[in-house]
Amino acid sequence: MTTERTADTRPSIDGALVRRLVDAQFPQWAELPLELVDPAGSDHVIHRLGPELSVRLPRHSGAIGQARKESEWLPRLAPHLPLAVPVPVGVGEPGFGYPWPWAVSRWLEGEVATVEVLAESSVAAVQLAEFLTALQRFAPEDIPAQGAHADLTAGSLADRDRATRAAIAEVGDAFDAAAMTELWTAALDAPGWDRPPVWFHGDFHTGNLLTVDGRLSAVIDFGELGIGDPARDLIIAFTLMSADTRAAFRTALDVDVDDATWTRGRGWALATGLNAYTSYAAVNPRVAAQTTRQITGALIG
């Protein structure tokens, strides 16, 4: 997850609460069984609702805008994208002590993508490049001007400078601190995106890709969807791909990925990898492995 978060009070979310919310606000689904999806992401508690739906409740305040953002934009994006994306069918309101909007979407079949299955797949690398190309080309007639739509306005690498340097110091001997500092400085110093802003997924990493029978099938979790510099979506090259498939991915991208853009992408991979590593690696071996790969890949380039 790319969003940096401050400490907040997290509501208790259990199956009984989800059942009450669904039954009260969507009575047409009151008879459908609920099943907790585990492991879920760090941002949402997810339940499967019957065979065709899912219910997602934000765990923390940093994720509370996702339900309405996906409801507004994903139906418009989906026809233009070569992989499936979530199909929102309802936005729930706060209730029974739960404080935030929540979402009901169509259930997407598939397994979370893994390095073991896809890292060496040039086909998958090209598919991901084609997905980003299609996303970047999306241009609705009423596309918001940069800065005019607050929830589509992204932060910059510079916004992460203090937290990233603190994380470099915090991880100690786990990684090469000098190499991380050198990469981070280079990413901050690289020329910025000087072309028209484009759409980006914003949290484009392995955990947000689904596969069916070993092939990419869907992209999920558009909470960081925005308009601006496409470099942040290059994170996928360092979370999933090998050196060879990274090269195929970069070549297949429609937007010219010059050295400055690639360096900024490596900076995004480093910053977001460190954020997740310092937050979760000590308590989640899966996150520790994923973020170690991401940080190491960013350093290699």
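Trainee: At what angle do helix α5 (residues 161-170) and α9 pack?
Mentor: This is a predicted model, in which local features need pLDDT of at least 70, side-chain atom pairs count only at pLDDT 80 or more, and totals for chains, interfaces and linings use all residues. Residues are numbered from 1 along each chain as its sequence is written, and side-chain values use heavy atoms, with hydrogens and water left out. Helices (H or I, at least four residues) and strands (E, at least two) are DSSP runs numbered from the N terminus, while axes are lines fitted to C-alpha atoms, for helices over the stretch in contact, with angles from 0 to 180 degrees between N-to-C directions. The axes of α5 and α9 are 9 Å apart, and the angle is about 55 degrees.

Trainee: How is the orientation of α5 and α9 to each other classed?
Mentor: Angles under 35 degrees count as roughly parallel, over 145 as roughly antiparallel, 65 to 115 as roughly perpendicular and the rest as oblique. The two helices pack at about 55 degrees. The relation of α5 to α9 is therefore oblique.

Trainee: What is the distance between the axes of α6 (residues 177-189) and α9 (residues 259-280)?
Mentor: Two packed helices are described by the angle between their axes and the distance between the axes. For α6 and α9 the angle is about 130 degrees, and that makes α6 oblique to α9. Their axes are separated by 8 Å.

Trainee: How many nonpolar residues does the contact of α6 with α9 have?
Mentor: The contact includes Met180, Leu183 and Trp184 of α6, together with Leu270, Ala271 and Leu274 among those of α9. Ala, Val, Leu, Ile, Met, Phe, Trp, Tyr, Cys and Pro count as nonpolar, Asp, Glu, Lys and Arg as charged, and the others, Gly among them, as polar. Besides 2 polar and 2 charged residues, the nonpolar residues number 8.

Trainee: How many residues apart in sequence are the parts that Phe131 and Phe204 tie together?
Mentor: Rings of Phe, Tyr and Trp (its six-membered ring) pair if their centres lie within 6.5 Å, and planes under 30 degrees apart count as stacked, over 60 as edge-to-face and the rest as tilted. Phe131 and Phe204 are stacked, at 5.8 Å centre to centre with 10 degrees between the planes. Because Phe131 lies in helix α4 (residues 122-137) and Phe204 in the loop between β7 (198-200) and β8 (209-212), the parts tied together are apart in sequence by 73 residues.

Trainee: Is Asp221 buried or exposed?
Mentor: The place of Asp221 is in the loop between β9 (215-219) and β10 (226-228). Buried means under 20% relative accessible area, exposed over 50%, and partly exposed in between (1.4 Å probe, protein chains only). At a relative accessibility of 11%, Asp221 counts as buried.

Trainee: What is the phi of Phe96?
Mentor: Most residues other than glycine have a negative phi. Phe96 is in the loop between β4 (88-92) and β5 (102-106) and is partly exposed, with a relative accessible area of 43%. Its phi is positive, near 55 degrees.

Note on methods:
Contact = heavy atoms within 4.5 Å.
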